[in-house]
Amino acid sequence: MITCIITYEIDPYKKDLFSTYAQNWGQAIPECGADLVGYFSPHEGSTTRAYGIYNIESMAAYELYRQRLMGHPLGKENYEFAQKEKFILKEDRLFLKNASLPHAGFIAP
């Protein structure tokens, strides 16, 4: 299992638009095959940092998921919405593996 963490730099005056964007992904991402943990927007501290986090089986599964997402009606609409409204200033993806599994009952040699 791989976890994708998307770090966004957003326009602090357009947080409501990012929330709409996040809610749209909340519908489209699970329909396209990823296990969405959630989208997180600024609350306290930074007013410009937001995150999207989801799990996917493998990088091969990720490539298929991205193809499905690009063809998904709400996915396409959401990409266009972000481009039109320009509330995302920067976007970075990081793929991680959970190195601590299993969390309980495991004793390292």
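The model is predicted; local features require pLDDT of at least 70, side-chain atom pairs count only at pLDDT 80 or more, and totals for chains, interfaces and linings use all residues. Residues are numbered from 1 along each chain as its sequence is written, and side-chain values rest on heavy atoms, with hydrogens and water left out.

The chain contains three helices and four strands. Both kinds of element are DSSP runs numbered from the N terminus: helices are H or I with at least four residues, strands are E with at least two. Their order from the N terminus is β-α-β-β-α-α-β. The C-alpha trace spans about 55 × 35 × 20 Å along its principal axes.

Contacts (heavy atoms within 4.5 Å) were then sorted by sequence separation. Among those with a separation of 6 or more, 69% join residues 24 or more positions apart.

A nonpolar core is a set of buried Ala, Val, Leu, Ile, Met, Phe, Trp, Tyr and Cys residues joined through side-chain atoms within 4.5 Å. The largest such core holds 26 residues. Tyr8, Phe18, Tyr21, Tyr39 and Tyr65 touch the most other members. At least two residues each come from strand S1 (2-10), helix H1 (15-31), strand S3 (49-56), helix H2 (59-71) and helix H3 (73-85). H1 gives the largest share, six residues.

Beyond its neighbours within four places in sequence, Tyr8 contacts Phe18, Tyr21 and Tyr39, among others. The list also includes Thr48, Arg49, Ala50, Tyr51 and Gly52. Ile88, Lys90 and Glu91 complete the set.

Thr48 sits in the loop between strand S2 (35-40) and S3. Its relative accessibility is 28%, so Thr48 counts as partly exposed. With neighbours within four places set aside, Thr48 is in contact with Tyr8, Glu9, Ile10, Pro12 and Pro42. Thr48 and Pro30 are 18 residues apart along the chain, and their C-alpha atoms are separated by 26 Å.

Thr20 belongs to helix H1. This residue is partly exposed, with a relative accessible area of 35%. Thr20 and Ala82 lie 62 residues apart along the chain, yet their C-alpha atoms are separated by 9.9 Å.

Charges were treated next. Lys and Arg count as positive, Asp and Glu as negative, while His and the chain ends are not counted. Each charge is placed at NZ of Lys, CZ of Arg, CG of Asp or CD of Glu. The chain carries 11 positive and 13 negative charges, and their mean positions are 4 Å apart.

Side chains of opposite charge can pair when their charged atoms come close. A salt bridge requires a side-chain nitrogen of Lys or Arg within 4 Å of a carboxyl oxygen of Asp or Glu. Glu91 pairs with Arg93, with closest N and O atoms 2.8 Å apart. Both partners are partly exposed: Glu91 has 34% relative accessibility and Arg93 has 31%. Glu85 pairs with Lys84 at a closest N and O distance of 3.7 Å. Here Glu85 is partly exposed at 24%, whereas Lys84 is exposed at 67%. The pair Asp92 and Lys90 has its closest N and O atoms 3.9 Å apart. Asp92 is partly exposed at 39%, and Lys90 is partly exposed at 46%.

Lys84 lies in helix H3. Lys84 and Ala99 are 15 residues apart in sequence but 39 Å apart in space, C-alpha to C-alpha.

Lys86 is found in the loop between H3 and strand S4 (88-96). Its phi is near 55°, a positive value in a residue other than glycine. At 56% relative accessibility, Lys86 is exposed.

Methods:
Buried < 20%, exposed > 50% of the residue type's maximum accessible area, 1.4 Å probe, protein only.
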